[in-house]
Amino acid sequence: LLHFVLSGLRRAIQFLSFSRYFWRVFYEDSSPPWILDKAVCILIIALLITVIALRPSLTLKIIDAVTVAKLVALGVVIVIGIVHLAKGKTENLEVGFEGTNPNPQLWGEAWTNVLWAYNGWNVVCIVLGEVKNPRDLSKIIAIAMSIVTVF
């Protein structure tokens, strides 16, 4: 029961985080009305339930697409960082953590994003159910860990 409750809370936090990032595009200087945050969350939940119920095979394709998008975004950030370092733009490295905000709420939001990324390991169970040869799982995990370590 505790796992069920915590999993639901985690999902709610993820959807609210997504909603806030989504609305930042339209409300740069202020927060959107709370009803808009909740509406996006409800739409995401409805969309996920519909996709999972009607087309379970599409769920894995969506997971694959999101994983590729994350890797591409990570690669772009890494390449841009390397290019900036190669150009000698190291002024941000000189100040370190100067001006860091010790607000616990911001740290909580940061940890929520870290745990969301870490939660990807839950997907291993879903993927394992679709793997034709379970002995390939060790290869899959080794390749995935290598990619994550390198990037």
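This is a predicted model: local features need pLDDT of at least 70, side-chain atom pairs count only at pLDDT 80 or more; totals for chains, interfaces and linings use all residues.
View 1. The accessible surface of the chain is about 12,400 Å². Carbon and sulfur atoms hold 72% of that surface. The secondary structure consists of seven helices and zero strands. Along the sequence, the pattern reads α-α-α-α-α-α-α. Take the contacts in the chain with a separation of 6 or more: 43% of them join residues 24 or more positions apart.

**View 2. The largest nonpolar core.** Five residues make up this core: Phe15, Trp23, Val40, Cys41 and Ile44. Helices α1 and α2 each supply at least two of its residues. The most come from α2, which gives three. Isoleucine 44 also touches Phe15 and Phe18, leaving out residues up to four places away in sequence.

View 3. Serine 19 sits in helix α1. Is this residue buried or exposed? Serine 19 counts as buried because its relative accessibility is 0%. Which residues does serine 19 contact, apart from neighbours within four places in sequence? They are Leu36, Asp37, Val40 and Cys41. Val40 and Cys41 also belong to the largest nonpolar core.

**View 4. Aromatic rings around phenylalanine 22.** The structure holds five aromatic pairs. One of them joins phenylalanine 22 and tryptophan 23. Their ring centres lie 5.0 Å apart and their planes meet at 80°, so this pair is edge-to-face. Phenylalanine 22 also pairs with phenylalanine 26. Here the centres are 5.7 Å apart and the planes are at 65°, so this pair too is edge-to-face. Both angles pass the cut-off, because planes over 60 degrees apart count as edge-to-face. One aromatic cluster takes in Phe18, Phe22, Trp23, Phe26 and Tyr27.

View 5. Tryptophan 23 has a relative accessibility of 15%, so it counts as buried. Phenylalanine 22 has 36%, so it counts as partly exposed. Phenylalanine 26 is exposed, with a relative accessible area of 54%.

View 6. Phe18, Phe22, Val25 and Phe26 make a nonpolar surface patch of about 410 Å². Where is valine 25 placed? Valine 25 lies in the loop between α1 (2-24) and α2 (34-54). Its relative accessibility is 58%, so valine 25 counts as exposed.

Key. Residues are numbered from 1 along each chain as its sequence is written. Side-chain values use heavy atoms; hydrogens and water are left out. Patches are made of residues with over 30% relative accessible area and no salt bridge: like charges are joined within 9 Å, nonpolar side chains (Val, Leu, Ile, Met, Phe, Trp, Tyr) within 5 Å. Accessible areas come from the Shrake-Rupley method with a 1.4 Å probe; for residues, only the protein chains shown count as cover. A salt bridge is a side-chain nitrogen of Lys or Arg within 4 Å of a carboxyl oxygen of Asp or Glu. Helices (H or I, at least four residues) and strands (E, at least two) are DSSP runs, numbered from the N terminus. Buried means under 20% relative accessible area, exposed over 50%, partly exposed in between (1.4 Å probe, protein chains only). Contact means heavy atoms within 4.5 Å. A nonpolar core is a set of buried Ala, Val, Leu, Ile, Met, Phe, Trp, Tyr and Cys residues joined through side-chain atoms within 4.5 Å. Rings of Phe, Tyr and Trp (its six-membered ring) pair if their centres lie within 6.5 Å; planes under 30 degrees apart count as stacked, over 60 as edge-to-face and the rest as tilted.
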